[in-house]
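Hi there,

Here is the structure I promised to pass on. Have a look at it first, and my notes follow below.

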Amino acid sequence: MVRSPEFTEAMLRQESGEVFLSGIQALLRLPLDQHRADRERGCSTATLISGYRGSPLAGLDIALERHKGLLQEHHAVFLSGLNEELGATAVYGSQLANLLPNPRYDGVLGMWYGKGPGVDRCGDVFKHANYAGIGPLGGVLAVGGDDPATKSSSIPSHSEIAFYDALFPVLFPGNVQEVLDLGRLGFELSRYSGLWVGFKIVTGVADQVGTANVSPDRFRIVDPGFLYEGRPWQPRQSAVLYPPLTLGTEREIHLGRLEAGGAVAAAPDRNP
């Protein structure tokens with residue numbers, strides 16, 4: 001079934017109710033929904049999206065280019081990476097914007113994308129970016145496209161192991177609705193914990209078409225009251241990565257950030 005660009009844009013613009021989207025279009029809509037939710041809170045946020053194409057996410061860059069005007073309206077910028085590592089490095093930099101004097105926005109969201117082998121290539125960037133941390137009103141999703149049935153790949157792929165090695169929490173949506181809901185959870189979890197969040201998309205979800213319910217207030221984060229070293233949790237962020245400072249960061253990641261992420265995931269009433 002072929003749908004007009006006007007129909008697709010209407011589904012991306014509709015802020016509440018039921019929409020009809022493909023998995024790829026849901027990924028495009030996801031940062032727009034986070035921007036809308038931030039706007040409802042009175043926060044001014046922008047988004048940087050970068051990565052490298054490859055099935056099952058091969059159509060994502062095409063969709064982003066096609067709706068560049070809509071992205072601009074939501075202060076979102078798409079930069080197609082020359083390779084996966086450069087795309088990840090650009091997103092890494094987006095989380096440092098709040099450390100500069102007089103930032104233009106309250107925070108910058110980041111979304112990286114790439115297929116399974118691209119996730120493998122980015123291990124060094126992912127680990128350094130995760131150590132540097134997340135801006136308080138930033139948040140990063142690393143979208144890994146996996147092809148377990150080798151529909152369009154030479155070997156099967158499963159990126160959760162590489163995400164785990166980089167110390168990313170991992171979310172695995174199973175349909176269009178979950179791409180939007182778990183994606184929102186991923187951005188909020190990233191902010192609260194201070195970690196990048198892996199977002200596994202398999203071929204069947206990327207190619208899927210279905211309906212989803214949307215609303216700026218569909219999802220809300222619940223502060224789980226997590227304590228770290230006897231104090232309310234507040235992740236630290238630093239662009240300076242050298243020893244012995246990184247030894248303290250490693251401790252914070254394992255005992256603080258990952259535990260904080262687990263506390264958010266277990267908190268009730270995420271979806272009112």
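Strand β4 is largely enclosed by the rest of the structure, because nine of its nine residues are buried (under 20% relative accessible area, with a 1.4 Å probe and protein chains only). Both of its faces are covered: Gly 107, Leu 109, Met 111, Tyr 113 and Lys 115 are buried on one side, and Val 108, Gly 110, Trp 112 and Gly 114 on the other.

Before you read on, please note that this is a predicted model, where local features need pLDDT of at least 70 and side-chain atom pairs count only at pLDDT 80 or more, while totals for chains, interfaces and linings use all residues. Residues are numbered from 1 along each chain as its sequence is written, and side-chain values use heavy atoms, leaving out hydrogens and water.

β4 belongs to an open sheet of six strands with parallel pairing, in the order β3-β2-β4-β5-β7-β6. Strands here are DSSP E runs of at least two residues, and helices are H or I runs of at least four, numbered from the N terminus; two strands pair if DSSP finds at least two bridges between them. Seven bridges link β2 and β4, with Thr 47 partnered by Leu 109. On to β5, β4 makes six bridges, and Gly 114 sits opposite Gly 144.

Helix α5 (residues 84-94) lies across β2, β4 and β5, at about 165 degrees to β4 (axes are lines fitted to C-alpha atoms, for helices over the stretch in contact, meaning heavy atoms within 4.5 Å; angles run from 0 to 180 degrees between N-to-C directions).

Happy browsing!

Terms used:
Buried < 20%, exposed > 50% of the residue type's maximum accessible area, 1.4 Å probe, protein only.
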